[in-house]
There are 2 protein chains.
Amino acid sequence: MSERLITESDIDEIALGAAVLGTGGGGDPHVGSLIAKRLIRLHGPVRLIDVDDLEDRDFVVPIGGIGAPSVSVERIQAESELLAALEAIEGAVRRVPTAIMPIEVGGGNSMLPIAAAALAGLPVVDGDAMGRAFPEAQMVTFHLAGYGPGATVLVDHHGNEVVSRPVDGAWSERLARAATVEMGGAATMIDYAYGGEVVRECAIPATLTQAQRIGRILLGRDASGAELRDDEKIDALCAELDAVRLFDGKVADLQREVVGGFTRGAAELDGVGEDRGSAFRLDFQNEMLLARRDGELAAVTPDLIAVLDLATGLPITTEALRYGARVTVIAMPCHEKWRTEAGLATAGPGHFGYDVDWIPVEQLARQRRERKEAA
Amino acid sequence: MSERLITESDIDEIALGAAVLGTGGGGDPHVGSLIAKRLIRLHGPVRLIDVDDLEDRDFVVPIGGIGAPSVSVERIQAESELLAALEAIEGAVRRVPTAIMPIEVGGGNSMLPIAAAALAGLPVVDGDAMGRAFPEAQMVTFHLAGYGPGATVLVDHHGNEVVSRPVDGAWSERLARAATVEMGGAATMIDYAYGGEVVRECAIPATLTQAQRIGRILLGRDASGAELRDDEKIDALCAELDAVRLFDGKVADLQREVVGGFTRGAAELDGVGEDRGSAFRLDFQNEMLLARRDGELAAVTPDLIAVLDLATGLPITTEALRYGARVTVIAMPCHEKWRTEAGLATAGPGHFGYDVDWIPVEQLARQRRERKEAA
């Protein structure tokens, strides 16, 4: 393997791409990128290692933010929280971290592991445990493979530290969410810290480099390095991601609140361009989870639903969504690990209380295409 | 010092007396006494040691229940929780407990330390950190002396374990209460685990033996061993405790709910006997906190307010209080540590949102006596 380094100039690309894969959640990419750039500037570039290059003796620590994105854009994580969290996990399990990993390839949560890796002088793993972002702590591939959360660390900006050993992933989420709400709605978290052999088995590989490819497109370069105009970006992105362009519209109504440690709500879109006359609805809990076009299912969790600025293609988080914004909604298949019985039970529509069956986004798109052709 | 042992036959006396000092809270004495008796039966008597006999090298672990009494009478603590909590504190601070201590001399919370001591083969300290029971975790003499909660352990009957290191006592309470609510409203807790030198400085001494003296009276023996009739017990108790008999009445109205991890509410009493024609109101949050006679302050936290069965003198917890019950309300001075600026700020009426100034219960009683004599 040739050594790959994440330098300051890689950060914007990764952050932007991760915000697409973050499907509206995963923390604010801009805030996260500022922390990552600052710490790379201070401590030097971060080595990026492949999931397959992890050795059994490695101890891989996923680190990220937990809470409502609406809070975390206001209450920015301190560097001291990252170090405190790393020290807490080392103290709790008496094993020295040898690599950092994103628990999810969400916007901010792709950045905090890079920031922590820079700070601690450790490599970061090119992979994550979701292949996207999800709102709840047990929605990770470790859980699907039967691994528990292990020692779960929470630290906040007050200096509080909580280390729990929950009996399973659902309890980890409950206890961490309750503590996070007390801590003011956002905290730094470590869970599912495992040895290299477990991470090789469970992690979804190469998601940071995938994020970087997406980010490059959004910043105006295609895979060959050719320049892209703004109006070419979304289609180039869909080609790269095997994504479906679901809807172009304007935000006509928006309900959003911070409740139970989540940002929850829904957005209603009025169609523009080819979609004029149609209505679209997005339901979210930190992440975009359910998309319906004129009342009909267009895409649903665990498949990915991302909202992009119609003019620039840049991703918009659920927190940054504004009334009147002109957006494009795209959707793409989730990793196959989520398309299993365990995956759908953990992060499918039923878990969130949506009364719809999961249908693969590509099948929904094909059905719609066929109906249009028949009409 | 001669060796003192707590045997099965001491338990009922201590539990009953601690329920008086528990002022309605501190956990159910009967449920706690069953656990303590069972573990003494299995593992042998528990050595009782004086606060002053603690050595610097001792590591004293306060253990008890946290949550709403209404929950803990239904969801009885498992022995496994006590051991798990002791193992968790040892793991977290890497110091082996050498003695157990009640954090409060409340009903059930005077029993769990004895049960844990029997289980672990350790002595129990004759003292506690409140000299009564209080509803919140930071209401301890350690806090008044400027000591933080240290590593704070919570375990539940699901097998979850949470170890927090809160920045101060108020954060300890917030984080522990939030976790307890998730755990179902009751959990086993260790906090303020300190070396012998700190416990000698902070603990209120001899409260378990005080509880036993009270219990003996309520079970029908005065200090000299002479038999007491039921109708003599309450006056004997008041003499022993320097307590004031505030009111005899019948519960005419009762509001009580489990909210935020506490049992909160109020009871209205209609006077009987000499108090016929007067009304009395008790406000509680796990513990009895405020007593008013015909709208006038009769006693208020941090002074102790206890509700006893009018016929038998037996203490009644806030959870066990029932509509129609005939009761006597007594009140007595709290330990002088609570009558300081720090004590009143921590556990005085203002902290609980009661718009009254603290006036010593003995002064309120004198004022009332003088008014009656003048009338």
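These exercises work through selected helices, strands and loops of a predicted model.

The model is predicted, so local features need pLDDT of at least 70, side-chain atom pairs count only at pLDDT 80 or more, and totals for chains, interfaces and linings use all residues. Residues are numbered from 1 along each chain as its sequence is written, chains are lettered from A and ligands numbered from 1 in the order in which they are written, and side-chain values use heavy atoms, with hydrogens and water left out.

**Exercise 1. Determine what span helix 7 of chain B should have, and how it is placed in the structure.**

Step 1. Helices (H or I, at least four residues) and strands (E, at least two) are DSSP runs, numbered from the N terminus. Helix 7 of chain B covers residues 169-182, which is 14 residues.

Step 2. The expected span is 1.5 Å times one less than the number of residues. For helix 7 of chain B that gives 20 Å. Its end C-alpha atoms are 20 Å apart, which agrees.

Step 3. Next comes burial. Buried means under 20% relative accessible area, exposed over 50%, and partly exposed in between (1.4 Å probe, protein chains only). In helix 7 of chain B, 10 of the 14 residues are buried, so the helix is largely enclosed by the rest of the structure. Among them are B:Trp171, B:Glu173, B:Leu175 and B:Arg177.

Step 4. Inspect both ends. At the start of helix 7 of chain B, a side-chain oxygen of B:Asp168 comes within 3.2 Å of the backbone nitrogen of B:Ala170. Just after the helix, B:Gly184 has a positive phi of about 110°.

**Exercise 2. Classify the crossing of helix 1 and helix 2 of chain A.**

Step 1. Axes are lines fitted to C-alpha atoms, for helices over the stretch in contact, and angles run from 0 to 180 degrees between N-to-C directions. The axes of helix 1 (residues 8-21) and helix 2 (residues 29-43) of chain A come within 9 Å and cross at roughly 155°.

Step 2. Angles under 35 degrees count as roughly parallel, over 145 as roughly antiparallel, 65 to 115 as roughly perpendicular and the rest as oblique. Helix 1 and helix 2 of chain A are therefore roughly antiparallel.

Step 3. List the contacts (heavy atoms within 4.5 Å). Helix 1 of chain A contributes residues including A:Ile11, A:Ala15 and A:Ala19, and helix 2 of chain A contributes residues including A:Ser33, A:Ala36 and A:Ile40.

**Exercise 3. Classify the crossing of helix 4 and helix 5 of chain A.**

Step 1. The axes of helix 4 (residues 79-93) and helix 5 (residues 107-120) of chain A come within 10 Å and cross at roughly 75°.

Step 2. That makes helix 4 of chain A roughly perpendicular to helix 5 of chain A.

Step 3. On helix 4 of chain A, A:Glu79, A:Leu82, A:Leu83 and A:Leu86 make the contact; they meet A:Leu112, A:Ala115, A:Ala116, A:Leu119 and A:Ala120 of helix 5 of chain A.

**Exercise 4. Decide whether A:Asn286 and B:Asp242 are buried or exposed.**

Step 1. A:Asn286 is in the loop between strand 13 (279-285) and strand 14 (287-293) of chain A. Its phi is positive, about 65°, although A:Asn286 is not a glycine. A:Asn286 is buried, at 5% relative accessible area.

Step 2. B:Asp242 is in the loop between helix 10 (230-241) and strand 11 (244-259) of chain B. Its phi is positive, about 60°, although B:Asp242 is not a glycine. B:Asp242 is exposed, at 60% relative accessible area.

Methods. A polar contact is a pair of N or O atoms within 3.5 Å; within protein, one must be able to donate a hydrogen and the other to accept it, and residues adjacent in sequence count only if both atoms are side-chain atoms.
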